[in-house]
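Here's a quick tour of a protein model, written with the charged side chains and the sheets in mind. Have the viewer open as you read.

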Amino acid sequence: MSEFFKAHQKTLEAACEALKKRDFWTAYPEVPSGKVYGETAKEDGEAAFKARLGKPFAIEGHPNTGSAGAEHSPYGLEINIKYPTAPVEDLVSAARTAGKTWGKASIEARIGVCMELLDRLNKRSFEMANAVMHTTGQAFMMAFQAGGPHAQDRGLEAVAYAYEEMTRTPGTATWTKPQGKHDPIVMEKQYRVVPRGVALAIGCATFPTWNGYPGIFASLATGNAVIVKPHPMAILPLAITVEIGREVLKEAGFNPNVLVLAADEPGAEKTKDLVANPEIGIIDFTGSNAFGKWVRENAAEGTLVYTEEAGVNSIVIASTDNFKGMCSNIGFSLSLYSGQMCTAPQTIWVPRDGIDTDQGHKSFDEVADGIKLAVDKLLGDPARAAGICGAIANPATVERVKTSSTMGEVVRASSPIEGLDGARTATPTILKVDGDTTDSHMSEQFGPISFVVGVNSVADAIKQAATTAKTKGAITASLYATDEATQEAAADAFSEAGVGLSCNLTGSVFVNQNAAFSDFHVSGANPAGNACLTDAAYVANRFRITAVRKHKAA
């Protein structure tokens, strides 16, 4: 049994137990406190991040025939880091060679390496927070939590599922078949976990670690070498991950090319060549529906493809016994990271004749205005607005916000965030539309753009929202309703559409949030993705079982 496995065995066992209970559990504290991470951890992490700026990112022993890197911080900070790069064939060859020994290693050895890597990543959470913040535009607190401990929890979740699935079959067995008067037939059987081959993890620009770690760790744990292909706009967080991972692999006696970085630049991406390479056995992709479709259609025959793509997330408002709390919760959900979360709500369905509330009947317009006022109040303080909204990752999102006013009646216009000079920022745009006369709300408008949609009735709202999820994809859905009949009808409709439902959120839990070890992120049951982060199905097919059988010696 490996030393790393022994060191982290209790954490692994707790994680496996958490998968069964689905209650709150975390191995990695989300509070950026010196009492947890060390009194100088914040300053040390920031210094480590700054020390990387403007310099080559050296990775010992990594395939290297050149350099690439053109990241630009949404906050205006100069990054100017160059990463080692090599032709696709060299990266694949290096990973394939290293993967042969890795795939034959014991389950405990591989799991131990993954657990040690997660532990070291956790200790570097402040450095990772700065890297995530300045490549994605997340505000610091979100960058620390989502880029650090929450992402690490998602990685651990995948490792725990992998351990459970791989150890479900014993390593050896004695097979005895009775033969009546004759001696029984006795066979000794050995069972081997056989990995699929080289895995490719294609990162996204907004949540490179949170979305990337499930696939990376699921593949590593099950014996597959991994080529990590970051988004050209967010290389650093995954480069740090690869750097630390290779250190752990080397210490454990493995070829560090089990984990390889495929850095590139806009206009010279390696993604398509990697996807089409016949040596790639597994692909994890997070991104747009259009490119997800291309990946599925162009991956080599037999390649396993796991995707998280885009969708149209809905809120249905039928009634509420806490109008103020409802509007505040929705307002925060619309504002968090400027709507750049795959879980962020976009389309808010409201009956044209209004809703019943604890403040009396509210008209359609009053509901829209209530949400608008909640956003205004939330973002009224510039410092608070900066901490909630962060910056815009992609300049194209800012342009989309600027032109969004043509898609409906403007309830709330977007504006830059005061005090974030030099940063790309945009507060939420809220539009009113009629569900019978327009369909602009039926497609994803990525970023801080939302629609309050007038419909005939609550039943119509549920039907249209669920149909949109089923046909366009959705990752989250939310309902406000005071009667159980409406709640049950919505639960049935959204379950059939393959999307989880949150009911009557008025406090400090938001529809955007998904908790590791409890919530399933994406169902794999609608066009928003063909896989779930993270369930057993996401992990189990990354390896197969082969057997060797022999007659037992007399």
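## A charged network

Arg-52, Arg-124, Glu-127 and Glu-243 are linked in a network of salt bridges (a salt bridge being a side-chain nitrogen of Lys or Arg within 4 Å of a carboxyl oxygen of Asp or Glu). A word on the ground rules: this is a predicted model, where local features need pLDDT of at least 70, side-chain atom pairs count only at pLDDT 80 or more, and totals for chains, interfaces and linings use all residues. Residues are numbered from 1 along each chain as its sequence is written, and side-chain values use heavy atoms, with hydrogens and water left out.

Glu-243 sits in helix 10 and Arg-52 in helix 3 (residues 41-52), so the pair ties together parts that are 191 residues apart in sequence. Helices here are DSSP runs of H or I with at least four residues, strands are runs of E with at least two, and both are numbered from the N terminus. Glu-243 is buried at 14% relative accessible area, and Arg-52 counts as buried at 15%. The scale uses a 1.4 Å probe and protein chains only: buried is under 20% relative accessible area, exposed is over 50%, and partly exposed is in between.

The structure holds 28 salt bridges. One of them joins Lys-20 to Glu-164, with the closest N and O atoms 3.1 Å apart. Lys-20 is in helix 1 (residues 3-21) and Glu-164 in helix 8 (residues 149-166), 144 residues apart. Lys-20 is exposed at 53% relative accessible area, while Glu-164 is partly exposed at 24%.

Lys-82 and Glu-265 meet in a salt bridge too, at 3.2 Å from N to O. This pair links two loops 183 residues apart: Lys-82 lies between strand 1 (66-68) and strand 2 (83-85), Glu-265 between strand 7 (259-261) and helix 11 (271-276).

The side chain of Arg-246 does make a polar contact with the side chain of Asn-257, at 2.8 Å. A polar contact is a pair of N or O atoms within 3.5 Å; within protein, one must be able to donate a hydrogen and the other to accept it, and residues adjacent in sequence count only if both atoms are side-chain atoms.

Five strands form an open sheet with parallel pairing, in the order 7-6-5-8-9; two strands pair if DSSP finds at least two bridges between them. Strand 7 and strand 9 (304-308) are at the edges with a single partner strand each, so one side of each is left without a neighbour in the sheet. Three bridges join strand 6 (residues 226-229) to strand 7, running parallel, and Val-228 stands opposite Leu-261 in strand 7.

The other open sheet has seven strands in the order 14-15-16-11-10-17-18, with mixed pairing. Its edge strands are strand 14 (409-412) and strand 18 (500-503). Strand 15 (residues 429-434) and strand 16 (residues 449-455) run parallel, joined by six bridges, and Val-433 stands opposite Val-453 in strand 16.
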